[in-house]
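Good morning. I have one chain to show you today, and I will go from the whole chain down to a single residue. Please look at the screen.

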Amino acid sequence: IVTLDPQDVSGIPNVQLIRVDGASAIYLLENGKRRAMTEAQLLQRGFTLEDIVGVSTKHLEAIPLGNPV
């Protein structure tokens, strides 16, 4: 897991998965919202755990919450 500032994340168009460092919840970024997903769903969609970018709680909460995957 790599931790980036949200300004850095917004500059990287292929960031699709985020998680707060040390937390278990994984979020898919889609249409400007974060959507909770399980590790099984992540793997089913062809992602790996290395695809997850770590963010702070403050930055996570700045992204609107959408429906779970």
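Helices here are DSSP runs of H or I with at least four residues, strands are runs of E with at least two, and both are numbered from the N terminus. Counted that way, the chain has 3 helices and 5 strands. Their order along the sequence is β-α-β-β-β-α-β-α.

Before going on, some conditions. This is a predicted model, in which local features need pLDDT of at least 70 and side-chain atom pairs count only at pLDDT 80 or more, while totals for chains, interfaces and linings use all residues. Residues are numbered from 1 along each chain as its sequence is written, and side-chain values use heavy atoms, with hydrogens and water left out.

Next, the hairpin. Strands pair if DSSP finds at least two bridges between them. Strand β3 (residues 26–30) and strand β4 (residues 33–37) run antiparallel, joined by 5 bridges. E30 sits opposite K33 in β4. The turn of this hairpin has 2 residues, and N31 there has a positive phi of about 55°.

Is L17 buried or exposed? Buried means under 20% relative accessible area, exposed over 50%, and partly exposed in between, with a 1.4 Å probe and protein chains only. L17 has 0% relative accessibility, so it counts as buried. Of the 69 residues in the chain, 29% are buried.

Contact means heavy atoms within 4.5 Å. Beyond its neighbours within four places in sequence, L17 contacts several residues, including I26, L28 and M37.
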